[in-house]
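Biologist: Please put the structure up. I would like to go through its charged residues and their surroundings one by one.

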Amino acid sequence: MDMQEIKKLDTEEIENKIKELKDSIFKNKIAKLNQGDFDTNSFIKIRKDIARCMTELNIRKREDN
């Protein structure tokens, strides 16, 4: 997910996307630990997506004030 895609979403959709991404990190960690295979690349990508979403939310909140 890139910033252009995120900017097209409204604030509520971004908040829902953050929740969804956090849930996917949790589920992936459990699945990977159960399999004994721990690949950090997928987690890094998800965390970067969360950071992009949070950045856009913070920008929008500053613009509203």
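Biologist: By about how many helical turns are Glu-56 and Arg-60 separated in helix H3?

Modeller: Note that this is a predicted model. Glu-56 and Arg-60 form a salt bridge, with 2.9 Å between the closest N and O atoms. Because the two residues are four apart in helix H3, their separation is about one helical turn.

Biologist: Is Arg-60 buried or exposed?

Modeller: The cut-off for buried is under 20% relative accessible area. Arg-60 has 14% relative accessibility, so Arg-60 counts as buried.

Biologist: What is the relative accessible area of Glu-56, the partner of Arg-60?

Modeller: Glu-56 lies in helix H3. Leaving aside neighbours within four places in sequence, Glu-56 is in contact with Met-3, Ile-6, Lys-7 and Ile-14. Glu-56 counts as buried because its relative accessible area is 7%.

Biologist: How many salt bridges does a search of the whole structure find?

Modeller: One of them joins Glu-56 to Arg-60. Another links the side chains of Asp-49 and Arg-52, and Glu-20 forms one with Lys-17. The search of the whole structure gives a count of three.

Biologist: What is the N to O distance in the salt bridge of Asp-49 and Arg-52?

Modeller: Both residues lie in helix H3, three residues apart, which is about one turn of the helix. A salt bridge requires the side-chain nitrogen to be within 4 Å of the carboxyl oxygen, so that is the limit to apply. For Asp-49 and Arg-52 the N to O distance is 2.8 Å.

Biologist: What is the relative accessible area of Ile-6?

Modeller: Ile-6 is found in helix H1. Residues up to four places away aside, Ile-6 touches Met-1, Ile-14, Arg-52, Cys-53, Glu-56 and Arg-60. Ile-6 is classed as buried because its relative accessible area is 0%.

Biologist: How far apart in space are Ile-6 and Asn-16, C-alpha to C-alpha?

Modeller: In sequence, Ile-6 and Asn-16 are 10 residues apart. In space, their C-alpha to C-alpha distance is 12 Å.

Biologist: Is Lys-17 buried or partly exposed?

Modeller: Lys-17 and Glu-20 both lie in helix H2, three residues apart. Their salt bridge has its closest N and O atoms 3.4 Å apart. Glu-20 counts as partly exposed, at 47% relative accessibility. Lys-17 has a relative accessible area of 22%, and therefore Lys-17 is partly exposed.

Biologist: Which residues form the negative surface patch?

Modeller: Asp-10 is one of them, and Asp-10 is found in the loop between helix H1 (3-8) and helix H2 (11-35). Asp-10 counts as partly exposed because its relative accessibility is 41%. The patch is formed by Asp-10, Glu-12, Glu-13 and Glu-15.

Notes:
Residues are numbered from 1 along each chain as its sequence is written. This is a predicted model: local features need pLDDT of at least 70, side-chain atom pairs count only at pLDDT 80 or more; totals for chains, interfaces and linings use all residues. Side-chain values use heavy atoms; hydrogens and water are left out. Patches are made of residues with over 30% relative accessible area and no salt bridge: like charges are joined within 9 Å, nonpolar side chains (Val, Leu, Ile, Met, Phe, Trp, Tyr) within 5 Å. Accessible areas come from the Shrake-Rupley method with a 1.4 Å probe; for residues, only the protein chains shown count as cover. Lys and Arg count as positive and Asp and Glu as negative; His and the chain ends are not counted. The place of a charge is taken as NZ of Lys, CZ of Arg, CG of Asp or CD of Glu. Buried means under 20% relative accessible area, exposed over 50%, partly exposed in between (1.4 Å probe, protein chains only). Contact means heavy atoms within 4.5 Å.
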